[in-house]
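Dear colleague,

I am handing over a structure that may be new to you, and below it you will find my notes on what turned up in it. Please read them with the structure open beside you.

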Amino acid sequence: LNNNMITYVNTLSNTIICYNMFMKILKTNKHISRVIKKAYKAIEDLTPLEFDCGQLCNNKCCKEGSEGMYLFPFEFQYLIDKTDKDIIHTDNDFDLLICNGKCDRKYRPLACRIFPLFPYVNNKGEIEVKFDLRARNICPLQFKDMPEIQIQKRFVKRIKNIFKKLIKYQVFYDYCRKLTEEINFLKKFY
């Protein structure tokens, strides 16, 4: 074989490898998109209380000027063509959707759907759904001594079930673990 033929075969081989990798990524992204869509749908109509909890605080969590909400893995790819919100990549390697106080509820991020809770990863590597420390300064649902504003058990259970499925994907497990560590660090300041 001459050098031109060898170069052609190598180029063709590399092209096939790249194509196969691209198709694998595309298939994975489509699968993850379906997973995100299922998670959205699973909690679509369920809220923390039997009534709109925004009535208690005048929707403080959705007010213009909020810092935004972290996106779970692959939400950026899922939401990018479904929202007009700015999405930035932060220094701590998370994607952050900047909120202006109004959104198409059909496409609000998981963090908004599960607010004021978060799926913490405990020392055993299991999900524990608890009040998100970052919601402490804005959400009245933190007060457990008021029976009329207790978070529904089925809301908590649904979130736990969703995230038990999601953390089977290493990227979700790593994300929840990393954010759990960050939130635990913040506890020092409360």
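Which residue in strand 3 does L71 stand opposite? It is D95 that faces L71 there, and please keep in mind throughout that this is a predicted model. Strand 1 and strand 3, the latter made of residues 95–97, pair in the antiparallel sense over three bridges. They belong to an open sheet of three strands, arranged in the order 1-3-2 with antiparallel pairing. Strand 1 (69–71) and strand 2 (87–89) stand at the edges with a single partner strand each, so one side of each has no neighbour in the sheet. On average, neighbouring strands of this sheet are turned by 35 degrees against each other, direction ignored.

Helix 5 (residues 153–166) contains 14 residues and reaches 20 Å from its first C-alpha to its last, close to the 20 Å expected. Its buried residues are F155, I159, I162, F163 and L166, and they cover an arc of only 90 degrees around the axis, which puts them on the same side of helix 5. The face turned away from that buried side carries the exposed residues K153, K157 and K165.

Finally, the aromatic rings: the count comes to nine pairs. The rings of Y70 and F94 have their centres 4.8 Å apart and their planes at 50 degrees, so this pair is tilted. Because Y70 lies in strand 1 and F94 in the loop between strand 2 and strand 3, the pair ties together parts that are 24 residues apart in sequence. F94 is buried, with a relative accessible area of 2%, and F94 also forms an edge-to-face pair with Y175, at 5.2 Å centre to centre and 80 degrees between the planes. Ring pairs link Y70, F72, F94, F118, Y120, F163 and Y175 into a cluster.

With kind regards

Key:
Residues numbered from 1 in each chain as written. Predicted model: local features only at pLDDT ≥ 70, side-chain atom pairs only at ≥ 80, totals over all residues. Heavy atoms only, no water. Pairing = 2+ DSSP bridges. Helix = DSSP H or I, 4+ residues; strand = E, 2+ residues; numbered from the N terminus. Axes fitted to C-alpha atoms, helices over the stretch in contact; angles between N-to-C directions. Expected span 1.5 Å × (residues − 1). Buried < 20%, exposed > 50% of the residue type's maximum accessible area, 1.4 Å probe, protein only. Arc of directions from axis to C-beta. Phe/Tyr/Trp six-rings, centres within 6.5 Å; stacked < 30°, edge-to-face > 60°.
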